Amino acid sequence: MSATDGASHHDERTPLSVAADLDVVIDGTPIAVTSTGKRVFVDVPSLAAGVDALAGVPQSELPAFAATLRDADLTVELRVRESPVAVVGADAAPGLLSKRAGVAPAALRVGGAAVAAGRGVTATVDAARRLVAALTS
């Protein structure tokens, strides 16, 4: 069907399925890339690494990247310590925060960022306890 037949752009997608299980290191930061077929997960170890990952995507290229993902019915989810902090592609629904932050068509996930920050604090406290225990034993 053509667009003039009443079909939506969604009907013209070329769906893809992605199989990924990669561990990579970029500038000393370990990054895990996995997938469930329609969703690609990019997991970084800290919020700072997540911000660096988002900043590494030129803003001028983000709309085309998001459109390509939507056309392929794929979603990329940036996660920090397994908590989603940003989504781009078919399942992204950017809200006001994403638009004001200038990252739309990516959708920021404030709740995921808060959970990731909490996990980061917990990991830091646990590491400090292990260091103190090692030094005092």
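**View A. Asp 43 is buried, at a relative accessible area of 14%.** Buried stands for under 20% relative accessible area, exposed for over 50%, and partly exposed for values in between, with a 1.4 Å probe and protein chains only. The model is predicted, so local features need pLDDT of at least 70 and side-chain atom pairs count only at pLDDT 80 or more, while totals for chains, interfaces and linings use all residues. Residues are numbered from 1 along each chain as its sequence is written, and side-chain values use heavy atoms, with hydrogens and water left out. Asp 43 sits in strand β3 (residues 39–44). Strands (E, at least two residues) and helices (H or I, at least four) are DSSP runs, numbered from the N terminus. A polar atom of the Asp 43 side chain lies 3.2 Å from the backbone nitrogen of Arg 81. Beyond its neighbours within four places in sequence, Asp 43 contacts Pro 30, Ile 31, Ala 32, Arg 79, Val 80, Arg 81 and Glu 82. Contact here is heavy atoms within 4.5 Å.

View B. A salt bridge is a side-chain nitrogen of Lys or Arg within 4 Å of a carboxyl oxygen of Asp or Glu. By this rule there are four salt bridges. Side chains of opposite charge can pair when their charged atoms come close. In the salt bridge of Arg 39 and Glu 77, the closest N and O atoms are 2.8 Å apart. Arg 39 belongs to strand β3 and Glu 77 to strand β4, so this pair ties together parts 38 residues apart in sequence. Arg 39 counts as buried at 18% relative accessibility, and Glu 77 at 8%. Asp 43 and Arg 79 also form a salt bridge through their side chains (3.9 Å, N to O). That pair links distant parts of the chain, with Asp 43 in β3 and Arg 79 in β4, 36 residues apart. Arg 79 counts as buried too, at 17% relative accessibility. A further salt bridge joins the side chains of Arg 79 and Glu 77 (3.9 Å, N to O).

**View C. Six strands form an open sheet in the order β1-β2-β3-β4-β5-β6, with mixed pairing.** Two strands pair if DSSP finds at least two bridges between them. Strands of a sheet pair through backbone hydrogen bonds, either parallel or antiparallel. The edge strands, β1 (21–26) and β6, each pair on one side only. Helix α4 (residues 110–136) packs on the sheet, where it touches β4, β5 and β6. The direction of α4 makes about 145° with that of β5. Axes are lines fitted to C-alpha atoms, for helices over the stretch in contact, and angles run from 0 to 180 degrees between N-to-C directions.

**View D. Strand β4 (residues 75–80) runs antiparallel to β5, joined by six bridges.** On its other pairing, β4 runs parallel to β3, again with six bridges. Phe 41 has Glu 77 of β4 as its bridge partner. Six of the six residues of β4 are buried, so the strand is largely enclosed by the rest of the structure. Thr 75, Glu 77 and Arg 79 point one way, while Val 76, Leu 78 and Val 80 point the other way. Towards β5, Val 76 is partnered by Val 88 and Val 80 by Ser 83. The hairpin of β4 and β5 has two residues between the strands, and Arg 81 takes a positive phi near 50° there.

**View E. Strand β5 (residues 83–89) is mostly covered, with six of its seven residues buried.** Two bridges join β5 to strand β6 (residues 107–108), and the two run antiparallel. Val 87 stands opposite Ala 107, and Ala 86 stands opposite Leu 108.

**View F. The largest nonpolar core has 19 residues.** Such a core is a set of buried Ala, Val, Leu, Ile, Met, Phe, Trp, Tyr and Cys residues joined through side-chain atoms within 4.5 Å. Val 44, Leu 69, Val 76, Leu 78, Val 80, Val 88 and Ala 106 have the most contacts inside this core. The elements giving two or more residues to the core are β2 (29–35), β3, α2 (62–71), β4 and β5. Not counting residues up to four places away in sequence, Ala 106 touches Leu 62, Val 87, Val 88, Pro 94 and Ser 98.

How values were computed
Polar contact = N/O pair within 3.5 Å; in protein donor to acceptor, adjacent residues only side chain to side chain.
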